[in-house]
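Dear colleague,

I am handing over the structure below, and after it you will find notes on what came out of the analysis. Please read them alongside the coordinates.

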Amino acid sequence: MTKSFIFLFFILFAVAGRTQAQVEIHVSPDGNDAGRGDLQTPFRTLEKAADEARKIQTGSVTLILRQGDYRLSAPLIFTPEDGRAGKTLTICSCRGEKAVLKGSITLSPQWKPYKNGIFKAQISGRPVMDMLLVNGEIRHQARYPNFDPQAIRFNGTAADATDPERVRRWKNPAGGYLHAMHSHDWGDFHYRITGKDKKGNLTLEGGWQNNRQYGIHKANRMVENIFEELDAPGEWFYDEKESVLYYYPQEGEEIHTALFESPQLKHLIELRGSEDNPVRNITIRDIELTQTRRTFMESYEPLLRSDWTVYRGGAIVFEGAEHCTLANCRLYHLGGNAVFFSNYNRDCEVSGSHLNRIGASAVCFVGDPAAVRSPSFEYHQSVPPEEMDWGTGPKTNNYPAHCRVHDNLIHRIGLFEKQITGVELSMCRAITVSHNTIYDTPRAGINISEGTWGGHLLEFNDVFNTVKETGDHGSFNSWGRDRFWTPGKKKLDSLLTTSWKELVLKDQIQTVVIRNNRFRCDRGWDIDLDDGSTNYHIYNNLCLNGGLKLREGFYRVVENNILINNTFYRHAWFRENGSVFTRNIVMLPYEAPSGHDTQGTLIDCNIFTDSISYKTALKYGTDARSIVSRIAFVDPAAGDFRISERFPEVFRTGFQNFEMDRFGVVSERLKALAEKPQMPTPVIFAEVAETKILFWQGVQIKNLETPGERSATGMDSERGVYVVSVPARGTYLRDYLQSNDVILGFAGAAVNSLDDLHKAISSADLSKPQEMIIFRTQIKNSVTIPANIISKNVY
């Protein structure tokens with residue numbers, strides 16, 4: 001064999017290898033699966049393209065999707081055959097084009113008038129009719145009460161939704177749904193109606209969606225998919241037995257040319273591997289994913305001693321994946337979760353994506369309960385000491401770890417389910433949640449369900465307009481009902497004087513770091529560490545409204561945070577819990593601590609902005625070395641709450657300014673879409689206290705009388721009643737008022753002062769609903785206060 005021949009052989013081998021290593025497979029809605037899958041003759045379906053990609057053993061494979069809709073008849077499932085060591089797979093839109101993956105079918109209704117503006121049509125094929133979209137927008141099933149975009153929970157609830165008198169008017173409610181809030185507002189319940197009895201009582205199945213079985217709320221409930229409630233534009237009802245669809249068109253809607261779509265799939269894409277045989281190196285980018293079914297009646301599993309149960313699925317499911325990415329995608333109009341990382345996952349990422357109009361949670365990381373040592377699942381359960389596994393950390397590796405959620409815009413989620421969140425962390429480890437903008441959520445924006453197994457980093461997130469429908473939560477919410485924890489503080493206090501305390505750090509084995517975030521919650525706490533939350537370092541956070549709460553738990557270091565117009569809350573602290581609260585800006589008096597013991601803790605060297613708040617802290621036995629300092633922020637109206645250098649005594653405590661311009665998404669595309677929180681006007685409590693300040697069922701109110709208050713609210717003059725603060729719990733008024741609101745009317749009477757409000761309340765018939773006029777975000781709003789929820793006492 002000559003040298004020239006050998007040289008030519010190696011040249012040809014290298015060219016062939018490079019060609020094989022970079023393969024493009026093209027797909028188009030106008031293609032043909034009999035084609036070659038190239039640019040000139042693209043395939044028509046993703047299924048065909050995926051089959052061809054699977055035949056390629058090594059190298060880089062890219063499925064390029066041309067513009068248009070791709071309707072899936074079943075989820076796309078990718079396994080280690082599709083991505084592994086030595087082979088990568090990318091699924092993306094063609095540059096400059098938009099490919100849309102849909103889990104729906106199109107309907108072709110031939111509409112005929114029914115009555116009262118309602119039309120009906122026979123539907124062929126007996127599809128699943130759980131959701132209906134008309135011209136790309138979700139329509140609501142026939143419901144009571146009718147859909148109200150301004151209503152707080154479920155877009156409208158009513159105490160008489162299941163009243164026997166109403167139920168008796170329904171010929172056959174079987175197949176309808178009852179949706180209700182938890183009796184304590186800790187999430188929600190969902191039931192399928194199976195029928196009714198002769199007295200008009202509904203028969204139901206369901207209720208497994210909440211792990212604290214304390215019953216449903218007496219007033220906050222609604223029903224849907226009831227034919228007799230089809231009475232408002234945009235509503236629909238499907239008679240499954242007769243295969244007939246009824247629809248009440250919206251005003252001006254041309255139903256004969258409109259596009260009607262119905263989701264059929266619960267999942268769109270699944271990556272399925274295992275720890276022993278993971279699926280690797282798959283990237284999904286620059287595509288849209290939409291139209292999946294609602295999942296609230298699917299099988300749910302309880303999380304560890306949590307309020308939560310969870311459906312282990314979503315539009316995209318990662319299980320047994322390594323180095324897989326969802327990037328620059330849009331996910332919207334989904335019936336359930338958007339992205340779900342189940343069990344073993346390592347070094348995966350969701351980034352640069354826009355997730356909105358999601359039925360449940362946006363991004364979930366949930367590990368395998370079998371990886372937990374001595375797990376308990378219901379709030380009141382615990383494992384006896386003689387049966388306890390005293391080992392440290394997880395038993396197996398079957399959980400998500402070292403994954404990242406970065407630069408995502410997440411908003412308008414929890415359309416159908418309320419026990420949800422923007423990012424959920426449960427039985428996982430070392431997850432980074434950074435530079436996300438999260439708002440308009442019924443519950444927390446970011447949630448950590450328990451201490452298994454810590455190591456998470458939450459930084460530079462912008463989280464606001466949260467806890468809009470539930471109660472007793474925060475923009476960030478956590479709990480740590482781990483092995484050491486048991487309900488009943490006295491019992492646990494006693495146990496923690498024994499070797500039982502060794503369990504405290506055996507689940508949360510790494511510190512959770514929460515730093516450089518901006519939080520605002522108007523119906524709860526900005527940062528809420530609930531039952532047993534342990535091993536946290538919380539610093540350099542800007543809390544715009546709700547303050548910060550630590551309940552129970554051990555080893556929390558809270559330092560260098562700014563609590564605008566609020567304070568620090570200590571609930572049910574354990575002895576010798578090792579917590580630290582220092583070098584924080586505090587602007588309201590501490591709440592009276594509930595059953596706390598400061599021995600073995602440090603609460604000191606903080607900066608109070610008024611003497612009343614400082615003296616309150618001294619009364620509770622804390623803050624001997626803290627200071628009082630009048631402060632000024634650099635530019636609060638623009639969101640810059642750095643402390644002016646004109647107050648050197650603040651910095652002598654060790655407090656340091658931190659960045660105020662890096663919260664939230666970083667992609668220019670997402671920054672252009674993202675909203676920002678309302679910026680509060682700082683209120684110095686001592687100055688307010690010098691004026692007349694009153695409490696109305698826990699809400700602090702005063703006359704609007706300063707130029708600063710007028711500027712903050714956008715009022716045309718110094719009049720009305722200014723809402724200073726609203727407590728996170730304990731008052732019905734938190735559903736209707738926010739800090740920085742101005743009350744301008746009540747029960748038909750103008751309100752220009754506290755005296756006017758007191759007179760209006762005193763003369764109103766509070767056994768009936770009353771209208772309240774409030775000024776918020778420079779707009780007058782009318783709010784209806786339900787009957788019998790407020791008192792006439794203003795003091």
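Predicted model: local features only at pLDDT ≥ 70, side-chain atom pairs only at ≥ 80, totals over all residues.

Residues are numbered from 1 along each chain as its sequence is written, and side-chain values use heavy atoms, with hydrogens and water left out.

Strand S22 (residues 282-285) is joined by four bridges to strand S5 (residues 87-93), and the two run parallel; strands are DSSP runs of E with at least two residues, numbered from the N terminus, and two of them pair if DSSP finds at least two bridges between them. S22 is also joined to strand S27 (residues 325-327), by three bridges and again in parallel. Cys92 stands opposite Arg285 in S22, while Thr283 stands opposite Thr325 in S27. Ile282 and Ile284 form the covered face of S22, and Thr283 and Arg285 the uncovered one.

A search of the whole structure finds zero disulfides, a disulfide being a pair of cysteine sulfur atoms within 2.5 Å. Cys94 is in none, the nearest cysteine sulfur, that of Cys92, being 8.0 Å away. The sulfur of Cys324 is 4.9 Å from the closest one, in Cys348, which is too far for a bond.

Best regards

Notes:
Buried < 20%, exposed > 50% of the residue type's maximum accessible area, 1.4 Å probe, protein only.
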